[in-house]
Amino acid sequence: MPLFASCLKKKEYPSVPAIEFSSFTGFKNIQGKDSAAIIAITYTDGEGDIGLTQADTIAPYVGTYYYNCFLEYYELQNGVWVKPTLNPPFYYRIPPLVDVDQAVEGTIGIRLSAPFFSPSAFDTIKFSLKIADRALHESNVVETPAIVVVK
């Protein structure tokens with residue numbers, strides 16, 4: 001009787017996280033107006049060190065890097081994409097994704113609560129997005145397609 005053995009090759013990725021835009025899913029309220037959304041991205045990371053715990057509040061996880069997901073908002077104003085100043089901005093803390101240091105890949109969904117758009121008169125928006133890992137490596141930047149908001 002023949003005996004077969006095989007090993008699964010571990011996936012390897014660069015230590016800098018890489019992301020790709022996957023989808024934008026909008027949700028409407030009972031009046032048919034946009035009220036919430038989910039932006040999904042896929043990611044890879046060679047060290048699996050994406051995510052911050054609630055205890056990560058001292059250097060280097062202060063200031064800019066208190067957050068690890070940076071979502072920028074743009075409006076199409078008279079044919080030109082403009083980045084209005086939002087206070088607070090759409091920055092988030094992604095929790096740890098894995099417990100071990102290893103190459104990882106997966107999907108992250110970012111829920112945007114109402115209102116996920118500016119209360120301005122302009123109805124076409126988009127988002128750009130990047131993430132940072134615990135070593136403060138920043139991913140590439142991805143963008144959503146143009147989104148027409150029903151206000």
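User: How many cavities of 30 Å³ or more does a search of the whole structure find?

Analyst: This is a predicted model, and the search finds one such cavity. The largest cavity holds about 30 Å³ of space.

User: Which residues line the largest cavity?

Analyst: The lining includes Tyr61, Tyr65, Tyr67 and Asp133. Asp133 sits in the loop between strand S7 (124-131) and strand S8 (142-143).

User: Why is Asp133 said to have no salt bridge?

Analyst: The nearest side chain of opposite charge, Arg134, is 8.3 Å away. The side chain of Asp133 does reach the backbone nitrogen of Ala135, at 3.0 Å.

User: What makes Glu72 and Lys83 a salt bridge?

Analyst: Their closest N and O atoms are 3.3 Å apart. The cut-off is 4 Å, so the pair counts as a salt bridge. Glu72 lies in strand S3 (residues 69-77), and Lys83 in the loop between strand S4 (80-82) and strand S5 (90-92).

User: Why is Glu72 called buried, and why is Lys83 called partly exposed?

Analyst: Glu72 has 16% relative accessibility. Buried means under 20%, so Glu72 is buried. Lys83 has a relative accessible area of 45%. Exposed means over 50%, so Lys83 falls in between and is partly exposed.

User: How do you know that Lys126 forms a salt bridge with Glu143?

Analyst: The closest N and O atoms of Lys126 and Glu143 are 3.1 Å apart. That is within 4 Å, so the pair counts. Lys126 is in strand S7 and Glu143 in strand S8, 17 residues apart.

Key
Residues are numbered from 1 along each chain as its sequence is written. This is a predicted model: local features need pLDDT of at least 70, side-chain atom pairs count only at pLDDT 80 or more; totals for chains, interfaces and linings use all residues. Side-chain values use heavy atoms; hydrogens and water are left out. Helices (H or I, at least four residues) and strands (E, at least two) are DSSP runs, numbered from the N terminus. Buried means under 20% relative accessible area, exposed over 50%, partly exposed in between (1.4 Å probe, protein chains only). Lys and Arg count as positive and Asp and Glu as negative; His and the chain ends are not counted. A polar contact is a pair of N or O atoms within 3.5 Å; within protein, one must be able to donate a hydrogen and the other to accept it, and residues adjacent in sequence count only if both atoms are side-chain atoms. On a 1 Å grid over the protein atoms alone, a cavity is a set of points where a 1.4 Å probe fits but cannot get out, and a pocket is an open set with protein on both sides within 12 Å along at least five of seven lines; lining residues have an atom within 4 Å of a point. Grid points are joined across faces, edges and corners, and a volume is the space filled by probe spheres set on the points.
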